[in-house]
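Please prepare a briefing for a reader who is new to this structure. The sequence and the model are shown first, and the points that follow are grouped by topic.

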Amino acid sequence: MGTPRKPTAYILHKESSEKKQIKPTEMAATAGQVIVCKAAVAWEAGKPLVLEDVEVAPPQKMEVRIKILYTSLCHTDVYFWEAKGQNPVFPRILGHEAGGIVESVGEGVTDLAPGDHVLPVFTGECKECAHCKSEESNMCDLLRINTDRGVMLHDAKSRFSISGNPIYHFLGTSTFSEYTVIHVGCVAKINPLAPLDKVCIMSCGFCTGFGATVNVAKPKRGSSVAIFGLGAVGLAAAEGARVSGASRIIGVDINPSRFEQAKKFGVTEFVNPKDHKKPVQEVIAEITDGGVDRSVECTGNVDAMISAFECVHDGWGVAVLVGVPHKEAVFKTHPVNFLNERTLKGTFFGNFKPLSDLPGVVEKYMNKELELEKFITHEVPFSEINKAFDYMLKGESLRCIIRME
């Protein structure tokens, strides 16, 4: 996509087409103005993203405009870019794992101010609905993930445009842009000393896997845990098992090349279903004297989900589903598996409440209780964002950090 360039942003004056370059010290001067900046636009399914000059409107009621400093590529971005199993919404600005600084706030925003360091999140916390008030749920009624919505909640309009034509949002975040506008309930304020090029991965993949283990499966110290799928989310789940003190962490994956890397995340042994003639749940039951104490499924494959449930020990075993299955998939298991006191749970974003919980997770990293660096395998400048897609499509990366400057 060309050679790296110096980042520029502009105020677009209504009175003329004159563009004024913005210096970092002039951030306050851009409040209330349309900003023209670079964004990587997905014009159609499966085609390389194109760096375009995009107009970013000021934030409206309960919205925040953020200067994105670092973003990373998640498999969900690739999934909706390919648009093979869902409604295609184009042209669109993808991206939802990121870290940045608040540039300006809209009407009614009181918890954030220009200069705050933040993590945008694909789901939110309105703090007023029954889910937000519940200690058990993080599935906000107002701000729950909506993959088809390409506009803002306030007025059903996009804040992005090119020559007056709208460019659609993605997951309410659209972080593949130097500036983006997000609902305040999807923006977590964090410690300004936290390195945004590391903690940005907490805004989706890491917390989804890590939280599935520590918040939902809750393995006891010395217990056994099986992790199905050793991609970035699965390895985050393994990290959660390691931090929890699990003595056996069994990685289950059909790609043996992932096994060596998984050892860095606490995985102690591996099972490749392709190496066995019997169902993998039977293999795991044999090597664990009846089944594992906990399992976490991170593939989205319904057969893996069934195996993850049936491989846990009767009497106390708990299986947690993380992966999103095909819309026509059906989960089948014999009811006696439940009667024998196995428990099946699902989770969304690791059961973390974005605004309430994410700042604390960042602090755990700052206190060296969590390791994030080993998840970051590649880094590219914004001008080479398509390389990040290539790395993921080839299975070479866990997380590729994209530097916006």
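Is T175 buried or exposed? The model is a predicted one, and in it T175 is buried, with a relative accessible area of 0%, which is below the 20% limit for that class.

**Surroundings of T175**
- T175 belongs to the loop that runs between strand 9 (165-167) and strand 10 (179-183).
- Leaving aside residues up to four places away in sequence, T175 touches I68, T71, L94, G95, H96, E97, A98, P120 and M404.

**Nonpolar cores**
- The largest nonpolar core comprises 105 residues, and F176, V199, M202 and F206 have the most contacts inside it.
- This core lies between domain 1 (25-203 + 372-403) and domain 2 (207-347), because both domains give residues to it.
- Another core, apart from the largest one, has 15 residues, including V271, I284, V292 and F309.

**Helix 1 and helix 11**
- The axes of helix 1 (residues 75-82) and helix 11 (residues 385-393) come within 11 Å and cross at roughly 100°.
- Angles of 65 to 115 degrees count as roughly perpendicular, and helix 1 and helix 11 are therefore roughly perpendicular to each other.
- On helix 1 the contact is made by H75, V78, W81 and E82, and on helix 11 by F389, M392 and L393.

**Annotated span**
- An unreviewed UniProt entry lists residues 232-358 as "domain: Alcohol dehydrogenase-like C-terminal".
- Within residues 232-358, 34% is helix and 16% is strand, and the end C-alpha atoms of the span lie 18 Å apart.

Methods: Residues are numbered from 1 along each chain as its sequence is written. This is a predicted model: local features need pLDDT of at least 70, side-chain atom pairs count only at pLDDT 80 or more; totals for chains, interfaces and linings use all residues. Side-chain values use heavy atoms; hydrogens and water are left out. A nonpolar core is a set of buried Ala, Val, Leu, Ile, Met, Phe, Trp, Tyr and Cys residues joined through side-chain atoms within 4.5 Å. Buried means under 20% relative accessible area, exposed over 50%, partly exposed in between (1.4 Å probe, protein chains only). Domain bounds come from an automatic or database domain assignment. UniProt positions are given in the numbering used here, feature names are shortened, and annotations may be inferred rather than shown by experiment. Helices (H or I, at least four residues) and strands (E, at least two) are DSSP runs, numbered from the N terminus. Axes are lines fitted to C-alpha atoms, for helices over the stretch in contact, and angles run from 0 to 180 degrees between N-to-C directions. Angles under 35 degrees count as roughly parallel, over 145 as roughly antiparallel, 65 to 115 as roughly perpendicular and the rest as oblique. Contact means heavy atoms within 4.5 Å.
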